[in-house]
Amino acid sequence: MESPDPSWRCPVRAQRARWERKRACTARELLETERRYQEQLGLVATYFLGILKAKGTLRPPERQALFGSWELIYGASQMLLPYLEEGQWGQGLEDFCHHLELYTQFAANAERSRTTLQEQLKKNKRFRRFVRLQEGRREFAGLKLQDLLPLPLQRLQQYENLIVALAENTGPNSPDHQQLTRAARLISETAQRVHAIGQKQKNEQHLQRVQALLSGRQAKGLTSGRWFLRQGWLLVVPPSGEPRPRMFFLFSDVLLMAKPRPPLHLLQSGTFTCRALYPMAQCQLCRVFGHSGGPCGGLLSLSFPHEKLLLMSTDQEELSRWYHSLTLAISGQKN
């Protein structure tokens with residue numbers, strides 16, 4: 001008869017065994033994904049950066065704008081991988097954390113990189129032909145340069161998930177416990193900074209997009225100091241007469257009401273004229289009806305010192321999302 005596993009009789013030993021299994025599994029995944037990550041970094045460094053430098057297809061400023069700190073990030077991975085292969089997780093990750101600022105720099109350059117790639121593909125025939133040729137290599141397995149450029153930021157998120165899991169499943173008596181715990185903290189902090197940079201870049205894109213859609217004196221200056229929250233059609237209910245559809249743009253500090261230009265307008269079809277700008281700091285919001293979750297839509301009342309708006313939607317879920325976003329903007333102005 002087969003003897004039972006000793007850990008079955010000892011809960012502490014069983015817990016340690018689970019930790020060790022999870023640690024081994026996480027360590028293996030970190031190693032395998034790092035090998036693949038380094039391979040892809042190397043492909044871009046060799047077949048794009050290296051050849052572009054040699055051929056001069058892009059000038060140095062444009063090349064730097066496109067790839068940022070790519071080569072330095074590649075070097076950091078080359079230094080980390082041998083430690084992982086030898087099982088020296090703590091020492092390897094502690095040294096790797098000295099290079100985390102490269103990822104912050106890469107994130108700060110991400111929007112510039114994206115626009116540079118678009119511009120060069122559009123106006124630089126030599127570069128466009130070069131990119132198409134390199135992407136066709138079997139080593140890239142169908143991946144496009146635009147798919148590969150965000151790779152370091154995607155890897156940073158993987159680092160956070162894997163290294164936090166590695167630290168959590170390393171016992172306090174392990175010789176690399178402190179190193180792994182410190183590395184997990186530093187990588188998480190870097191990931192948070194990178195996320196904040198990405199959110200700011202997305203917000204700037206939204207503001208520029210909205211600014212391009214709008215005309216009118218009140219719409220000027222929307223591209224600074226505010227956060228875009230949402231946009232959509234709502235019906236404005238007047239004191240008398242039929243409700244009028246208007247496009248609303250909600251920012252962290254103002255609600256902008258716009259009227260569509262006539263579809264036959266030759267130059268500005270699809271754009272909007274700004275009709276009013278309402279400060280959220282002075283807004284009092286009330287849900288008139290639409291609480292029950294039924295199919296009839298709802299009505300929101302927005303009161304300002306010199307005006308009152310009644311906004312209606314036949315989609316109650318959409319109205320609920322507007323109510324939530326408006327509440328968020330109002331509370332943000334009062335904090």
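# A walk along helix 10 and beyond

Let's start with Gln179, which counts as buried because its relative accessibility is 17% (buried means under 20% relative accessible area, exposed over 50%, and partly exposed in between, with a 1.4 Å probe and protein chains only). Keep in mind that this is a predicted model, where local features need pLDDT of at least 70, side-chain atom pairs count only at pLDDT 80 or more, and totals for chains, interfaces and linings use all residues. Residues are numbered from 1 along each chain as its sequence is written, and side-chain values use heavy atoms, with hydrogens and water left out.

Now the overall picture. The protein chain has 11 helices and 8 strands (DSSP runs numbered from the N terminus: H or I of at least four residues for helices, E of at least two for strands). Its length is 335 residues, and 43% of them count as buried. Take the contacts in the chain with a separation of 6 or more: 58% of them are between residues 24 or more positions apart (contact means heavy atoms within 4.5 Å).

Back to Gln179, which sits in helix 10, residues 177-213. Setting aside residues up to four places away in sequence, Gln179 touches Gly90, Gln91 and Glu94. With Glu94 there is also a side-chain to side-chain polar contact of 3.1 Å (a pair of N or O atoms within 3.5 Å; within protein, one must be able to donate a hydrogen and the other to accept it, and residues adjacent in sequence count only if both atoms are side-chain atoms).

Further along helix 10 you reach Asn203. Asn203 is buried too, because its relative accessible area is 6%. Apart from neighbours within four places in sequence, Asn203 is in contact with Arg226, Trp227 and Phe228. Its side chain reaches the backbone oxygen of Arg226 at 2.9 Å. As for Leu229, it is 26 residues from Asn203 in sequence, and their C-alpha atoms are 8.9 Å apart in space.

Of its 26 lining residues, Ala110, Pro150, Leu153, Gly198 and Gln201 are the closest to the centre. A pocket here comes from a 1 Å grid over the protein atoms alone: it is an open set of points where a 1.4 Å probe fits, with protein on both sides within 12 Å along at least five of seven lines, and lining residues have an atom within 4 Å of a point. Helix 2 (60-67), helix 5 (101-108), helix 6 (110-123), helix 9 (151-168) and helix 10 each supply at least two. By class, the lining has 13 nonpolar, 10 polar and 3 charged residues (Ala, Val, Leu, Ile, Met, Phe, Trp, Tyr, Cys and Pro count as nonpolar, Asp, Glu, Lys and Arg as charged, and the others, Gly among them, as polar).

Next, have a look at helix 7. At its start, a side-chain oxygen of Asn124 comes to within 3.2 Å of the backbone nitrogen of Arg126. Phe127, Phe130, Val131, Gln134 and Glu135 are the buried residues to look for in helix 7. They are on the same side of the helix because they cover an arc of only 125° around the axis, taken from the directions from the helix axis to the C-beta atoms. An α-helix has 3.6 residues a turn, so residues three or four places apart point the same way. On the face turned away from the buried side of helix 7 are the exposed residues Lys125, Arg132 and Leu133.

In the loop between helix 7 (125-135) and helix 8 (145-148) you'll find Ala141. Though not a glycine, Ala141 has a positive phi of about 50°. Most residues other than glycine have a negative phi. Ala141 counts as exposed because its relative accessibility is 65%.

Finally, the strands. Leu285, in strand 6 (residues 284-289), is partly exposed because its relative accessible area is 22%. Beyond its neighbours within four places in sequence, Leu285 has contacts that include Leu300, Ser301, Leu302 and Thr327. Thr327 is 42 residues away in sequence, yet the C-alpha atoms of the pair are 7.4 Å apart. Phe304, in strand 7 (residues 298-304), counts as buried because its relative accessibility is 11%. Not counting residues up to four places away in sequence, Phe304 touches Tyr278, Pro279, Gln282, Cys283 and Leu309.
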